[in-house]
Amino acid sequence: MHGILIVDKPQDFTSFDVVAKLRGICKTRKIGHGGTLDPMATGVLPVFIGNAAKAVDLQPNSDKCYDAVMLLGKRTDTGDTTGTVLDESAVPAEIDEAAVRAVLGQFIGEGMQVPPMYSAVKINGQPLYKAARKGQTVARKARPIVIHSLSLTERVSDVEYRLQIHCGKGTYVRVLIEDIGKALGVPATMSALRRTMASGYTLEQAHSFEEIQAAKDEGRLETLLLGIETVFAALDAVRVTPAQKQRLLNGAPVSRVNAEAGEYRIYCEGEFLGVGIMADGELRQKKLFCERE
């Protein structure tokens, strides 16, 4: 069984919990996930099964989209409402929808962000969340991020606002919300988060655990899997002959491929082979996913 299974992650599950559960359902340990989601978050979690697991770190599209709710008037140690309140204050009446919209623009584009202590980022080989649970604070360097779009879609309550976010790899929505609060002059934290897109995969393609288990019970689990090539949908395709395919399988480059320099999806007689790099008139394999004959 090889392919991409898009899971609609339920609340209170870690991304590792999802992988562990699917290892039992799919009867394989060759499973990885593309993009960690906090336990309180729900939504799109691409899971890579079998040979597809080799593609986890090769995703050319790492953008994410989120539907998040920002709660004004509180700041917590975790950056969301599951944590301990560190700061609390009344929200002035003048902070309304117009005020929130007015500050959002300053966060769009490239910027820097310090990873939160409650995160899986490793420093000196240890995940930050483990140090945070011990009450420790570790020095972290700001990392570059990009926010492609950020908009207010709904005022949920007097102090809660729903935001739509399209961002690049490594962006922490919890930190973004805290920074928006700082711009407004009040503490802020995240009260809800749903990922609606990850690496080009959307909620419309996602399946609940109930749907996945039903498909397993009915013997049609593989029909839920997307092809490995969908990871690389943003890349152009090139085609090679069976003889060229064999050279690539042997680690040798091939010439006489009609393509300019760049990275490509490689096909042979309709079969997806993997990803290659065209340079100096030769196509070399970057990663192959096909079975060796």
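How many residues apart in helix H4 are Lys182 and Asp179? The two are three residues apart, which amounts to about one helical turn.

## Basis of the model

The model is predicted: local features need pLDDT of at least 70, side-chain atom pairs count only at pLDDT 80 or more, and totals for chains, interfaces and linings use all residues. Residues are numbered from 1 along each chain as its sequence is written, and side-chain values use heavy atoms, with hydrogens and water left out.

## Salt bridges

Ten salt bridges are present in the structure; the term denotes a side-chain nitrogen of Lys or Arg within 4 Å of a carboxyl oxygen of Asp or Glu. Side chains of opposite charge can pair when their charged atoms come close. One of the bridges joins Lys182 to Asp179, at 3.8 Å from N to O. Lys182 is exposed, at 62% relative accessibility, whereas Asp179 is partly exposed, at 24%. Here buried means under 20% relative accessible area, exposed over 50%, and partly exposed in between (1.4 Å probe, protein chains only).

Another bridge links Arg174 and Asp38, with 2.9 Å between N and O. Arg174 belongs to helix H4 (residues 173-184) and Asp38 to the loop between strand S2 (31-33) and strand S3 (42-49), so this pair ties together parts that are 136 residues apart in sequence. Helices (H or I, at least four residues) and strands (E, at least two) are DSSP runs, numbered from the N terminus. Arg174 is buried, with a relative accessible area of 4%.

## A buried arginine without a salt bridge

Arg195, in strand S12 (residues 188-198), is buried yet has no salt bridge. The nearest side chain of opposite charge is that of Asp38, 8.8 Å away; Lys and Arg count as positive and Asp and Glu as negative, while His and the chain ends are not counted.

Polar atoms of the Arg195 side chain do lie 2.7 Å from the backbone oxygen of Gly35 and 2.8 Å from the backbone oxygen of Val44.

## A positive surface patch

Lys122, Lys130, Arg133 and Lys134 form a positive surface patch. Residues of a patch have over 30% relative accessible area and no salt bridge; like charges are joined within 9 Å, and nonpolar side chains (Val, Leu, Ile, Met, Phe, Trp, Tyr) within 5 Å. Of these residues, Lys130 is found in helix H3 (residues 128-133) and is partly exposed, at 42% relative accessibility.

Conventions: Accessible areas come from the Shrake-Rupley method with a 1.4 Å probe; for residues, only the protein chains shown count as cover. The place of a charge is taken as NZ of Lys, CZ of Arg, CG of Asp or CD of Glu. A polar contact is a pair of N or O atoms within 3.5 Å; within protein, one must be able to donate a hydrogen and the other to accept it, and residues adjacent in sequence count only if both atoms are side-chain atoms.
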